[in-house]
Amino acid sequence: MFKKILVPVDPAEPGFAQEALSKAAQMARDYGAKIHLTAVSPEVQSFVATQLPDGWQKRTFDQTMVILDKIKGDLDLPDDAVDSVVKMGSVYHEIIEEAEASGCDLVLMTSHKPGLSTYFIGSNAAHVVRHAPCSVMVLRG
């Protein structure tokens, strides 16, 4: 069974990952898996960044860590069973890179319901499915 599960969390919509978090927590309890929470803040173009107040990036990082820490506490798992990281960049690229760098053997994520622009599964989920270095389970949101 899977030993390290990456669960992406959208810091703008943390509740959307709830089903994936519940399934990952159950796998952690049943099989001794570890959970690796990953949040990605989208990259801001340099021109836009110059227009933002000083320290906005650190505040965003800190606020996102608070969200992940709350999720970690809500999972009701031992501290060593869950870790977290905040990345900045392209969502699917950072998820793929983090899955490889952290040695995850499963990415467990939720996808938005399809629309015309994404057709079957959300564009981030589709990219992760196609390019992840490990198994990917996508739950329909």
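Where is the place of Ala12? Select Ala12 and you land in the loop between strand E1 and helix H1 (18-31); helices (H or I, at least four residues) and strands (E, at least two) are DSSP runs, numbered from the N terminus. At 73% relative accessibility, Ala12 counts as exposed; the scale is buried under 20% relative accessible area, exposed over 50% and partly exposed in between, with a 1.4 Å probe and protein chains only.

Before moving on, note that this is a predicted model, in which local features need pLDDT of at least 70 and side-chain atom pairs count only at pLDDT 80 or more, while totals for chains, interfaces and linings use all residues. Residues are numbered from 1 along each chain as its sequence is written, and side-chain values use heavy atoms, with hydrogens and water left out.

**Helix H4**

Next, pick residues 91-101, which form H4. Glu94, Ile95, Ile96, Glu98 and Ala99 are buried there. In an α-helix there are 3.6 residues a turn, so residues three or four places apart point the same way. Step just past the end of H4 to find Gly103, with a positive phi of about 75°.

Select Cys104 and Cys134. A search of the whole structure finds zero disulfides. Cys104 counts as buried at 8% relative accessibility, and Cys134 counts as buried at 17%.

**The largest pocket**

For the last stop, select Asp10, Val91, Thr110, His112 and Asn124, which lie nearest the centre of the largest pocket among its 23 lining residues. On a 1 Å grid over the protein atoms alone, a pocket is an open set of points where a 1.4 Å probe fits, with protein on both sides within 12 Å along at least five of seven lines; lining residues have an atom within 4 Å of a point.

Colour E1, E2, H4, E4 and H5, the elements that give two or more residues to this lining. E2 gives the most, with four.

Terms used
Disulfide = S-S within 2.5 Å.
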